[in-house]
Each structure stands twice: as C-alpha cells, then as structure tokens.
Amino acid sequence: MAVNLSTPDPKAIFPVAGVKLGVTQAGIRKAGRKDLTVIQLAEGSLAAGVFTQNRYCAAPVQVCRQHLAQSAAVRALVINTGNANAGTGEAGLAAAQQSCAELAQLLKVNAQQVLPFSTGVIMEMLPLDRLVAGLPAAVADGREAGWLDAATAIMTTDTIPKAASVQIELDGETVTVTGISKGSGMIHPNMATMLGFVATDAKISAEALEQLVQQAANASFNRITVDGDTSTNDSFIVMATQRRGKTVIDSLASEAGRKLYAAVKQVAQTLAQAIIRDGEGATKFITITVEGGNNEQECAQAAYAIAHSPLVKTAFFASDPNLGRILAAVGYAGIADLDQNQIELFLDDVHVVTRGGRHPDYQEEDGQRVMKQAEIAVRVQLGRGAASTTVWTCDLSHDYVSINADYRS
C-alpha cells in the first residue's frame, strides 16, 4: 500500500531525444511478466553513474564500473529483474560480461559501450540463456515513449511503477529530463536496493556529467532509508544524448549548468521519494529535517539515527506519540559534545520539546493528531550551528516482515 503515490500519468512523462526503451518477457525468474529491459542511446551519448558502497557488490555493478572507467560513451543498458547476479563469483561476472557482448552484437556497438544491471534474488545464477534469448524482442520493442513500460518491467517488490519528467529551456530550446526507478525494501543511503535511470537530451561534458550524477545522488537517493540495509546492486545512472541546446555545458556553476542540475535533482528526488512512499509495508511517509548542526555530516548522523530506529518507526506505524524515542535516537547518533539542553523537537506544527525537555504547552493529543497523518514532518534543532539536512523514510509495519519473509516464494 503506497503512501499518496499513484501510477504516473503517461502524458506527463516526456520522451528524451536519442533514447529508446524496450521490454520483453524473458522468464528470468517467473513466467508471464516483463522482466528484461533494453535502453538504447543514440551515438554520441554519454553516461555517468554511482553505485552501491556494499563491498559485496553484484557482478553487473563490477562490470558497469569497469566499462564507465574506460569511457563515458555508452550506447545501451540491459536490465533484468528476478535475479540479482550477486554472490555468483566468477561465473556471475562472466554472465554479466556476456550479456553486454550479446547486446552489443545485436546493436553493432562495442561491448564496453553496454552497461548491465540486475535486481532480484541474491546467490542464484543468472539464467543467461533466457536473458540472451529475450534480447532481440527487447531491442525490437524500443520506443521513445517506452518509459512507463520500462518502469514497470524493472519492478521487484514495488507495487507501483516510478517515473518522473520535467522540461526546461536552455539556449532557447526545450530540454527534457526523464527518469525511472525501482526500489521498495533494502533501502539505505550509499545507495539503496534501487535502480535509477535518468536521461536528458542536453549537451553536457563528461566531466560535468560526472559531477552532476554525484551531486544529484547525494541530494536524493542518498537521502532515503526504509530499513537500513545496503543492497549489493544499487545503481544510479544519468545519461545525456547531446541532442538539445546550442552549447555544451562544461560547468555546473554556469547558468545552464545550474538549471540542468536543478531539473535532474527534481526528477531524482521525486523518484527517491516515490521509493519511500512505496516502501515495503509502508503506511506513513516521514520527512526528517535536522537543523542547527556544526556541519551537514552531524545533521545527517542525527537524521539517520531517527530514520533507522525500529522503535521510532514502529511508533509511527502505531500512531503512538512515544516521542522520547526520537530524542534517544538523537542522543546515540554519535555527536560526542551534543548539549541536550539545546535540543528543540517539532512534529509538524506541534512544538514537542524545548531546551531538551517537554514543551510546557505540549499535549499528547496534539502529537497523536499528527502521528495519525499519512505524511509527517519531524524537525530537530541541535542548537550548535547553521548546517542542516533532510532525509525521507517510512514506518515499519507488520507487512514489511511478511513481504520479506515470503520474498523468494
């Protein structure tokens, strides 16, 4: 049950010049569902990515890193669901490389210009024969308007496809930024168990694109958490087909660079928040803002301590204003010289704590009124400086346990 999230309106998802997306049923894990996606990029396109920081990373992540280290000139992506191709050793690595080679042969490009992505069950061998057999159909299905079909095909435990799109004016031309993502559980910063693919037809240098993907990830996918688990397969890719605009953006500090980054960040944040809204078993969407830190890092420490706490998350699920759990999480966040007497806590418009203690005007029924909402804002002031940060999370429900207990069945 997603929190205030619905299937995107196809009319609001704009094609990106130079990008075609096609899907097919390859039977990777289950018959009768579209589970293989191919994204084709026009010649001259560039790509940059960020990946999981889990050291036990999946074979496709390793291959993506290798290919992008060789060149940003990417011509295609191959994405399968149902099997993560993680924990599969040298055989899994060879399968990821072979999937690139097979698609490259179909498209008449170099294998190093293909990036592979997998999501699903860990420690099971990728059925490469089924994947390869499905590639021609996925290529033949390639369409500029294929974004929503692709968003559906990359889902695992997601309940709703996730897509977002914006258009901006650069050099008197309309530039499009469109993206899709998947993710619902095993969500944690640096990255999450998610795949995110954003494309633009803007002209941008490889160096500026690399900066853009890093900054956009830090402002979006690295600011979400469902359960504190960091996956083996997380990947966020930004592609630029160089089809729109009169000049190449070589700096995000330029006016055009700032506008493009703002558009990419908007799409990435929409996709990241959609993952939280569709969190496994989620009934509440929670925005946690920590202000008044000496630096952003310690604000993030406090925010994630709140967001990861099972006690806090279950209290939100129960609509129980047991808000001392939030204070306890801030206290163990690891800010060594934190002065508890400077802490202020707000729940939406309700001032719960002042100077480290219960606000004299706070009434529990006010807290409960907010806790019953589907969307809740938590704001903590540390009283130490001017830094701040925001993360997004959800509650922890009975259904989360059920979904993950039954995941492989």
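Which side chains meet in a salt bridge at 3.0 Å, N to O? In this predicted model, the two partners are R223 and E296. The chain is divided into domain 1, spanning residues 10–278, and domain 2, spanning residues 285–406.

The arrangement of the two domains was examined next. Their centres, taken over C-alpha atoms, are separated by 32 Å. Contact between the domains involves 16 residues of domain 1 and 15 residues of domain 2. The size of an interface is often given as the accessible area lost when the parts come together. For domain 1 and domain 2 the area buried between them is about 1300 Å², with 59% of it on carbon and sulfur atoms. On the side of domain 1, the residues that lose the most area to domain 2 are R223, T225 and R277, which together account for 45% of what that side buries.

Polar interactions were then considered. Two salt bridges are found across the interface of domain 1 and domain 2. Nine residue pairs are in polar contact across this interface, with both residues at pLDDT 80 or more. Strand β9 (224–225) and helix α6 (255–277) each supply at least two residues of the side of domain 1 that touches domain 2. Helix α6 gives the most to that side, contributing four residues. By class, the side of domain 1 that touches domain 2 is made up of eight polar, five nonpolar and three charged residues.

S165 is part of strand β6, which runs over residues 162–170. Because its relative accessibility is 15%, under the 20% cut-off, S165 counts as buried. The side chain of S165 is joined to the side chain of T178 by a polar contact of 2.6 Å. A polar atom of the S165 side chain also lies 3.0 Å from the backbone nitrogen of F14. Apart from neighbours within four places in sequence, the residues in contact with S165 are A12, I13, F14, T176, V177, T178 and V267.

P360 is located in the loop between strand β14 (357–358) and helix α10 (364–371). Its relative accessibility is 67%, over the 50% cut-off, and P360 therefore counts as exposed. G334 is 26 residues from P360 along the chain, and the C-alpha atoms of these two residues are separated by 28 Å.

Terms used. Residues numbered from 1 in each chain as written. Predicted model: local features only at pLDDT ≥ 70, side-chain atom pairs only at ≥ 80, totals over all residues. Heavy atoms only, no water. Buried < 20%, exposed > 50% of the residue type's maximum accessible area, 1.4 Å probe, protein only. Polar contact = N/O pair within 3.5 Å; in protein donor to acceptor, adjacent residues only side chain to side chain. Contact = heavy atoms within 4.5 Å. Domains from an automatic or database assignment. Buried area = accessible area lost by both parts, 1.4 Å probe. Salt bridge = Lys/Arg side-chain N within 4 Å of Asp/Glu carboxyl O. Nonpolar A, V, L, I, M, F, W, Y, C, P; charged D, E, K, R; others polar.
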